[in-house]
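Please keep the sequence and the coordinates at hand while reading.

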Amino acid sequence: MARKNNELVTIDFWNTLVKAEAGGEQRREVRLRALRQVAAEHDTELTIDDISRAKREASKKFDKIWFAEQRTPTSEELVNTIISHLGIPAGDSEKGYLIRQFEESLWEGPPELSRNAREVIENLSGSYRLGLISDTMYSPGRVLRRYLENQGLLDFFEGFVFSDETGFSKPNPRAFKKLLDSHNCNPARSWHIGDLMETDIKGAKNLGMNAILFTGHYKGRYNSDIEIDAEPDHVCETWVEVSEVLL
């Protein structure tokens, strides 16, 4: 099949390209250990409940900003929320240490690629331009690029949109237009694959793209309070099904 140079397929990272739950416990343990280490320097002992409550506060802040402002708070913002809630008077160097530990916890708990994703992406790259669009939380774009490189996938993608780098997140149309415009691709002949109705499907469809809702790992709406004025063109539970739609 000849490569369609004006057609783009963009792919979400978490719970689409990879299974987010895999490695999650190890990532959480890295962050918990780092928080306890810094707290101990200030003669503060933290319980699991203390940290869980603080992280819930950070998650609430993240979701509020994510959906209301269409951007994602940085790791620095989230770490500051957590240590403020815990009452830890961390200095700049300690904050820097915590931010690095949170961001790089992925190396001790890497997510696993979705089944058949590697093979399908390699095949797709022969027919479409490929891009990756990820709304980031604790794992920034620099970490996710290295993960993709370690998995042998980085070179299949011709462009990346990581919300910590751009300052905007899905469903903001700029998240999709950045890649469409840079490669002069036609939205009506391009596709986005993602797991969230509120961000992936809504953002892609509102811009005139075709959209595939991937349900292999996540099967519900993220925030039922948000009005979703779009429907996916296809719903796929596996990457084999994605391949059948696009190839």
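Where is the place of Pro 171? Pro 171 belongs to the loop between helix 7 (163-166) and helix 8. The model is a predicted one. The peptide bond from Lys 170 to Pro 171 is cis, its omega being near 10 degrees. Most residues other than glycine have a negative phi, and most peptide bonds are trans.

**Helix 8 and its ends**

Helix 8 covers residues 173-182. Its N-terminal end is capped by Asn 172, which places a side-chain oxygen 2.9 Å from the backbone nitrogen of Arg 174. Within helix 8, the residues Ala 175, Phe 176, Leu 179 and Leu 180 are buried. Viewed down the axis of helix 8, the buried residues fall within an arc of 120 degrees, so they line one face of the helix. Asn 184 follows helix 8 and is found in the loop between helix 8 and strand 6.

**Loop residues with positive phi**

With a relative accessibility of 74%, Glu 45 counts as exposed, since the cut-off for exposed is over 50%. From Glu 45 to Ala 175 there are 130 residues in sequence, and the C-alpha to C-alpha separation in space is 42 Å.

**Parallel strands and crossovers**

Strand 4 (residues 128-134) and strand 5 run parallel and are joined by four bridges. Gly 131 has Gly 159 in strand 5 as its bridge partner. Together with helix 6 (residues 141-150), strands 4 and 5 make a right-handed β-α-β unit. In a regular strand the side chains alternate between the two faces of the sheet. In strand 5 (residues 159-162), Gly 159 and Val 161 point one way, Phe 160 and Phe 162 point the other way, and all are buried.

Strand 6 (residues 191-194) has Trp 191 and Ile 193 pointing one way and His 192 and Gly 194 the other, and all are buried. Four bridges connect strand 6 with strand 7 (residues 210-214), and the two strands run parallel. Opposite Ile 193 stands Ile 212 in strand 7. Between strand 6 and strand 7 the chain passes through helix 9 (residues 197-206), and this β-α-β crossover is right-handed.

**Aromatic rings**

A search of the whole structure finds eight aromatic pairs. One of them is formed by Phe 62 and Trp 66, a tilted pair with 5.4 Å centre to centre and 55 degrees between the planes. Both residues lie in helix 2 (residues 48-69), four residues apart, about one turn of the helix. Phe 62 and Trp 66 are buried. How are the rings of Trp 66 and Phe 67 arranged, with their centres 4.8 Å apart? Their planes are at 25 degrees, so the pair is stacked; the cut-off for stacked is under 30 degrees. Trp 66 and Phe 67 are both buried.

Elsewhere, ring pairs link Phe 13, Trp 14 and Tyr 147 into a cluster. The charged end of Arg 146 sits over the ring of Trp 107, at 4.2 Å from the ring centre.

Terms used
Residues are numbered from 1 along each chain as its sequence is written. This is a predicted model: local features need pLDDT of at least 70, side-chain atom pairs count only at pLDDT 80 or more; totals for chains, interfaces and linings use all residues. Side-chain values use heavy atoms; hydrogens and water are left out. Buried means under 20% relative accessible area, exposed over 50%, partly exposed in between (1.4 Å probe, protein chains only). The arc is that of the directions from the helix axis to the C-beta atoms. A polar contact is a pair of N or O atoms within 3.5 Å; within protein, one must be able to donate a hydrogen and the other to accept it, and residues adjacent in sequence count only if both atoms are side-chain atoms. Two strands pair if DSSP finds at least two bridges between them. A crossover is right-handed if, with the strands pointing away from the viewer, the path from the first strand over the helix to the second runs clockwise. Rings of Phe, Tyr and Trp (its six-membered ring) pair if their centres lie within 6.5 Å; planes under 30 degrees apart count as stacked, over 60 as edge-to-face and the rest as tilted. A charge sits over a ring if NZ of Lys or CZ of Arg is within 6 Å of the ring centre and within 35 degrees of the ring normal.
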